[in-house]
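Try each task before you turn to its solution.

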Amino acid sequence: RKLRRPAHFSAAVGQPIGVTAAGESGKQTIKARLLSVSSDGITLESESLPYIPFGNILRAQLQPDIRF
């Protein structure tokens, strides 16, 4: 499922998501668990890109959390 609005991100807190974001070094794609949502952006469980402002998010979607 695609995540486009802040309400979509709020509903996905705690779930794994995939995000493509614009950054200083170009586009960066990351898959991580969504920890929180603020009025300005999202916080991910990631050391490389822990916070992404909404203005930098190019694409985001829920990732399947498959456990065997």
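**Exercise 1.** Where does Ser46 lie, does this residue count as buried or exposed, and which residues is Ser46 in contact with?

*Solution.* Begin with the position: Ser46 is found in the loop between β3 and β4 (51–53), where strands are DSSP runs of E with at least two residues and helices are runs of H or I with at least four, numbered from the N terminus. The model is predicted, so local features need pLDDT of at least 70 and side-chain atom pairs count only at pLDDT 80 or more, while totals for chains, interfaces and linings use all residues. Residues are numbered from 1 along each chain as its sequence is written, and side-chain values use heavy atoms, with hydrogens and water left out.

Next, take the accessibility: Ser46 counts as buried because its relative accessibility is 15%, and buried means under 20% relative accessible area, exposed over 50%, and partly exposed in between (1.4 Å probe, protein chains only). Then look for partners: leaving aside neighbours within four places in sequence, Ser46 is in contact (heavy atoms within 4.5 Å) with Ile30 and Ala32.

**Exercise 2.** Which residues does Arg1 contact beyond its neighbours within four places in sequence, and is Arg1 buried or exposed?

*Solution.* Arg1 belongs to the segment before α1 (6–11), and because its relative accessibility is 58%, Arg1 counts as exposed. Beyond its neighbours within four places in sequence, Arg1 is in contact with His8, Gln61 and Leu62. For Leu62, which is 61 residues away along the chain, the C-alpha atoms of the pair are separated by 5.4 Å.

**Exercise 3.** What is the order of the elements from the N terminus on, and what percentage of the residues count as buried?

*Solution.* The chain has one helix and five strands, which run α-β-β-β-β-β from the N terminus on. Of its 68 residues, 32% count as buried.
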